[in-house]
Amino acid sequence: MERVLTHEETLDASYLPPKLVRRETELALLSQRYKASLAKGVAYHQLLTGGVGSGKTALAQRLGDELVRAGRVGSLPVLKLYVNCWRRSNDRTILLQLLRGVGVSLPDRGYGLPEMLDVFEQGIRRAPRHVFVILDEVSALVRQETKLVYLLSRSPEVGLGSISLFLVASEDVLPYLDAPSRSSFGVTHRLQLRRYDAEDLEEIVRYRAEVALRPGALPPPMAEQIARAAASSGDARFALELLAGAARAAESEGAREVGPEHVRAAKGSIYPTVTESKLEALGETELLVLLALARCLRGRHAVATTDKVRQAYQAAAEEYGVTAMSRVTFWRTVKALEREGLLGVEPPASRGEGNRLSMDEMPMSYLTTLLEDRAGRRSRKA
Ligand SMILES: Nc1ncnc2c1ncn2[C@@H]1O[C@H](COP(=O)(O)OP(=O)(O)OP(=O)(O)O)[C@@H](O)[C@H]1O
Ligand SMILES: [Mg+2]
């Protein structure tokens, strides 16, 4: 059997992709800021903020690699040190990791901050380098009155060697910093990442599929469907989880490529938003509209035009022996279902076409069975 996921490991959270599509401008800007300063022999500090899955960590790592490759301070090469400060970290635990990064170690008890800093400095001096320190997820640390940010950002004054800082957080952490540290993060030392929109996510998904999947295994409409499903969060990680899940679903079915069913299956297993109780609460017209949409989407299609769905709705109404609602009521029902999060309304694909409806929540086949069962029971009761 031909595999769909030929390089599954490249969709792991730990994998750093060679390119960051849609973040090239930001990477170039940051790298230019650091290089310009380092070329003058001066350390540079930066705060990067952005929403969940907006590419902060990947961007920080890429920047670090770029500086290691091409940055220099006089004759000094650059060393990248990455520390994730999430949860239960404090100045000491972080400093211990930094010590390990420069090849020295201390027992993790019995030493105060000043002694640890001395040892850190000795480590740097033993093999002189400019140290580029990434402190990722720095919010919690900064809220507990860290001294480390101050000390690292003032390394020449406190005799610590040559250190550049790169702080990463989801929110603006400047208000929590002491005034001297804050002054190290002026306007040109801050960057807020723009949130990924559906187009960005589509490009990211397409690129990552090129790396991870068999060529041609992700048809363009599927990249679009995945991007649309992740667009409300702007979260690239969620989009990639969907991609991986959909590719696995395709593979386990023996399919050669990813189809809409596989994307829905992946989304359903990550965010089961359609619940039985929600369906239970639906009125007859709503149920029939969903059934109609489900039938239009079954198998090959990611979206269906409103007209198509309305025809399918009329057919379903006839089938279950109820009078079909007017166009206006049909549309009102569609909007109500949209508010419930049970379907999506997309603008027309081209001029002259109607709106398109989508439903990415769960495997269509399951939904169809459920709805047919429910509608059948109801019409028997009536
Ligand atoms: N522009 C991009 N091109 C390719 N892959 C990307 C891009 N942006 C993000 N990714 C991928 O999406 C995932 C999430 O990105 P990342 O971990 O950098 O986000 P984050 O902003 O640090 O999220 P969090 O706030 O949860 O820490 C990673 O697997 C990353 O490789
Ligand atoms: Mg991160």
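Let's start with strands β4 and β5: β4 covers residues 130-136, β5 covers residues 163-169, and the two run parallel, joined by five bridges. One pair to find on your screens is F132, whose bridge partner in β5 is S164. When I say two strands pair, I mean that DSSP finds at least two bridges between them. And the names come from DSSP runs, numbered from the N terminus: helices are H or I with at least four residues, strands are E with at least two.

Quick housekeeping: this is a predicted model, so local features need pLDDT of at least 70 and side-chain atom pairs count only at pLDDT 80 or more, while totals for chains, interfaces and linings use all residues. Residues are numbered from 1 along each chain as its sequence is written, and chains are lettered from A and ligands numbered from 1 in the order in which they are written.

Back to the sheet. Which strands does it contain, and in what order? There are six, forming an open sheet that goes β2-β3-β4-β5-β1-β6, with mixed pairing. At the edges you have β2 (72-73) and β6 (190-192), each with a single partner strand, so one side of each has no neighbour in the sheet.

Now β1. It pairs with β5 in the parallel sense over five bridges, and Q46 has F166 as its bridge partner in β5. β1 also pairs with β6, again in the parallel sense, over three bridges; there, T49 stands opposite Q192. Four of the five residues of β1 are buried, so the strand is largely enclosed by the rest of the structure. Buried here means 20 or more other C-beta atoms within 10 Å of the residue's own, exposed means 12 or fewer, and partly exposed is in between, with C-beta atoms placed from the backbone.

On to helix α4, residues 113-126. Its buried residues are L117, F120, G123 and I124. They cover an arc of only 115° around the axis, which puts them on the same side of α4; that arc is taken from the directions from the helix axis to the C-beta atoms. What do they pack against? The answer is α3 (91-101), β4 and α6 (148-153). Turned away from that buried side is a face with the exposed residues P114, E115, R125 and R126.

Helix α2 (residues 56-70) has its own buried set, including L59, A60, L63 and L67. Among what covers the buried residues of α2 are α1 (24-39), β1 (45-49), β3 (76-84), β4 and β5.

So what about the core? The largest nonpolar core has 45 residues, and L98, V133, L135, V138, F166, L167 and V168 touch the most other members. By nonpolar core I mean a set of buried Ala, Val, Leu, Ile, Met, Phe, Trp, Tyr and Cys residues joined through C-beta atoms within 7 Å. β5 gives this core its largest share, six residues. There's also a second, separate core of 34 residues, which includes Y196, A227, L242 and A246.

Last, zoom out. The protein has 16 helices and nine strands, and 42% of its 382 residues count as buried. The C-alpha atoms fill a box of roughly 85 × 40 × 40 Å, taken along the principal axes.

Technical notes: Contact = placed C-beta atoms within 7 Å.
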